[in-house]
Amino acid sequence: MKFSILNLLMVLTAVASILGLYVSRQANLKSSQRYELLVAELNVKHAELEGQNRVLRQELGSLTITDPKRIHAVKLRTTARKTWSYRVYLPDGANYYFACRINSLPLEPNPPTVLNPPGPSTVGTIVTNSVGIGRSPGEYVVTLSIHQNNAQWEYKLNVRKTADAGDGATGGSIIVDADDKWPNNENWNATGGVSNQVELPTDKLPLALLDYRAMNGNMKSSMDSDQGVMLWVGIGR
């Protein structure tokens, strides 16, 4: 078989094209691999920064709403004694209530059962040393404080919307039998409830925001004591 110069040029051109395509594909493959590696590194860095941001937001008392259909809660910093404060997000789809009880606590970490919870915008006594405040969906700051007024111990529960400048709703009263019980008679204590941000479905309510038990040295567990204070959020009417 004889090759003319034209045929040789055509073969060389075809070979050059194939080589060029191969080199181009290899370059694209390496570029794609570099891109995938860069994307993976950026995803790892993003996850790290997102985690750091969430920790900082929690330290500042901010909520990160990861699922708007779930309840979210985080503890806020307070400096006053016997004062606890929380930021709570309540999703659409139900009415809710916040409640607290002083002493006569259940000997378990679950909040007491409220048979007739308060409705929206309602403040009412549940039982002795216990008050409830009904609220609609939204984000709230909930603060429970216990203080001594002259010789009497009193408690106050305040619930206000985060975005509102007003004082919100307040309920409370004198703590009955405080002379013989907590907070007047307090040895040492254990605190449970929400600290870092938590979230859960609304069908898992009630959620104990605070479970503070006054204990003495003879008790092996905080659940051995029915004295102290509990603050929780539940489904209302």
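Residues are numbered from 1 along each chain as its sequence is written, and side-chain values use heavy atoms, with hydrogens and water left out. As the model is predicted, local features need pLDDT of at least 70 and side-chain atom pairs count only at pLDDT 80 or more, while totals for chains, interfaces and linings use all residues.

The secondary structure comes to 1 helix and 12 strands, where helices (H or I, at least four residues) and strands (E, at least two) are DSSP runs numbered from the N terminus. Read from the N terminus on, the order of elements is α-β-β-β-β-β-β-β-β-β-β-β-β. Of the 237 residues, 35% count as buried; here buried means under 20% relative accessible area, exposed over 50%, and partly exposed in between, with a 1.4 Å probe and protein chains only. The protein exposes about 14200 Å², and carbon and sulfur atoms supply 52% of that area; accessible areas come from the Shrake-Rupley method with a 1.4 Å probe, and for residues only the protein chains shown count as cover. Contact means heavy atoms within 4.5 Å. Among contacts with a separation of 6 or more, 61% are between residues 24 or more positions apart.

The strands can be followed next. An open sheet of 6 strands has the order S4-S5-S3-S12-S11-S9, with antiparallel pairing; two strands pair if DSSP finds at least two bridges between them. Its edge strands are S4 (123-125) and S9 (188-193), each of which pairs on one side only. From one strand to the next, the twist averages 15 degrees; axes are lines fitted to C-alpha atoms, for helices over the stretch in contact, and angles run from 0 to 180 degrees between N-to-C directions. Within this sheet, S12 is joined to S3 by 7 bridges in an antiparallel arrangement, and Phe98 stands opposite Val233 in S12. S12 also pairs with S11, again antiparallel, over 6 bridges, and Val229 in S12 is the bridge partner of Tyr212. S12 is mostly covered, with 7 of its 8 residues buried. Further along the sheet, 6 bridges join S9 to S11 in the antiparallel sense, and Gly193 has Leu210 in S11 as its bridge partner.

The interior comes next. A nonpolar core is a set of buried Ala, Val, Leu, Ile, Met, Phe, Trp, Tyr and Cys residues joined through side-chain atoms within 4.5 Å. The largest such core holds 35 residues, of which Trp84, Val88, Phe98, Ile146, Leu209, Val229 and Leu231 touch the most other members. Strands that each supply at least two residues of this core include S1 (71-76), S2 (83-90), S6 (138-149) and S7 (152-161). The largest share, 5 residues, comes from S11. Leaving aside residues up to four places away in sequence, Leu231 touches Tyr86, Ala99, Cys100, Val142, Leu144, Leu157, Leu207, Ala208, Leu209 and Leu210.

Charged side chains complete the picture. Side chains of opposite charge can pair when their charged atoms come close. With a salt bridge taken as a side-chain nitrogen of Lys or Arg within 4 Å of a carboxyl oxygen of Asp or Glu, the count comes to 3. One of these salt bridges joins the side chains of Glu199 and Arg70 (3.5 Å, N to O). Glu199 lies in strand S10 (residues 198-200) and Arg70 in the loop between helix H1 (5-59) and S1, so the pair ties together parts that are 129 residues apart in sequence. Glu199 is partly exposed at 25% relative accessibility, and Arg70 is partly exposed at 27%.

Arg87 forms a salt bridge with Glu139, with the closest N and O atoms 3.9 Å apart. This pair links distant parts of the chain, Arg87 being in S2 and Glu139 in S6, 52 residues apart. Arg87 counts as buried at 15% relative accessibility, whereas Glu139 is partly exposed at 26%. In another salt bridge, the side chains of Arg213 and Asp211 meet at 2.7 Å, N to O, and both residues are buried.
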